[in-house]
Amino acid sequence: ARVYLEAPIVKDKLSITGSARRTIVEPFLSVISQVAENNGGNTIGYNFYDLNGKLSWKISDRDGIYLTGYNGRDAFSSGYSIDTNGVLDALDFNLRWGNSAGILRWHRDWNQNLFSDFSIFSTRYQYNSISRTESDFPTTPFQRNELTNNSEVRDLGARFNFEWLPRNRHFVRIGGTVVQHQFVPEILQRQ
């Protein structure tokens, strides 16, 4: 399913744009998983969503400020459970990941040949997986294991660009970017 919105807030000065997407397969996967699980098979699940938004503000004929944001998440799951004559074997697996980003940008037309953009931005990627197993065999004691893996990457930065058109067939671009990366890995195992 999708939706898109674009609307002026103040004519020729301030506007907003937004969009959203989401899966609609969950009811179908739920029925398939239930039938499969009742017949000793695997279960499965999946969904995602994306949100985008932009606020545009034309301050003057030469200046504009833009605020842009994005958020998206995905989730996948699978598993099975078999209990035959007192022997239990089960697995449950969940995987989730997603991105978020935000940018604040100032655009300036200094004259008809010189333009600039100054931006600050933040991004975040997250990953999470959980795997659980259970087993109970007549010859071994009941066992339950869980493995969790969380990971995250965050960026915070600033960027500047100048574009200069000295002549019709010449183009000069100069700029720079400064970024702080933060990596957050974590693995946790429980028994």
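Strands are DSSP runs of E covering at least two residues, numbered from the N terminus. In this predicted model, serine 135 belongs to strand β6, which spans residues 114-136. Serine 135 has a relative accessible area of 13% and is therefore buried, the cut-off being under 20%. Apart from neighbours within four places in sequence, serine 135 contacts Leu88, Pro141, Phe142 and Gln143.

Glutamate 146 is located in strand β7 (residues 143-164). Its relative accessibility is 16%, so glutamate 146 also counts as buried. The side chain of glutamate 146 takes part in a polar contact of 3.1 Å with the side chain of arginine 132. A polar contact of 3.4 Å is made between the side chains of glutamate 146 and threonine 148.

Aromatic pairs number 4 in the structure. One of them, formed by tryptophan 106 and phenylalanine 118, is stacked, with 5.5 Å from centre to centre and 25° between the planes. This pair connects distant parts of the chain, as tryptophan 106 lies in strand β5 (residues 87-111) and phenylalanine 118 in strand β6, 12 residues apart. Tryptophan 106 is partly exposed at 32% relative accessibility, and phenylalanine 118 is partly exposed at 28%. The ring centres of phenylalanine 160 and phenylalanine 162 are 6.5 Å apart and the planes meet at 65°, so this pair is edge-to-face. Phenylalanine 160 counts as partly exposed at 36% relative accessibility, as does phenylalanine 162 at 25%. Trp106, Phe118, Phe160 and Phe162 together make up one aromatic cluster.

A charge is also placed over a ring: the charged end of arginine 108 sits 4.6 Å from the centre of the ring of tryptophan 110.

Note on methods: Residues numbered from 1 in each chain as written. Predicted model: local features only at pLDDT ≥ 70, side-chain atom pairs only at ≥ 80, totals over all residues. Heavy atoms only, no water. Helix = DSSP H or I, 4+ residues; strand = E, 2+ residues; numbered from the N terminus. Buried < 20%, exposed > 50% of the residue type's maximum accessible area, 1.4 Å probe, protein only. Contact = heavy atoms within 4.5 Å. Polar contact = N/O pair within 3.5 Å; in protein donor to acceptor, adjacent residues only side chain to side chain. Phe/Tyr/Trp six-rings, centres within 6.5 Å; stacked < 30°, edge-to-face > 60°. Lys NZ or Arg CZ within 6 Å of the ring centre and 35° of its normal.
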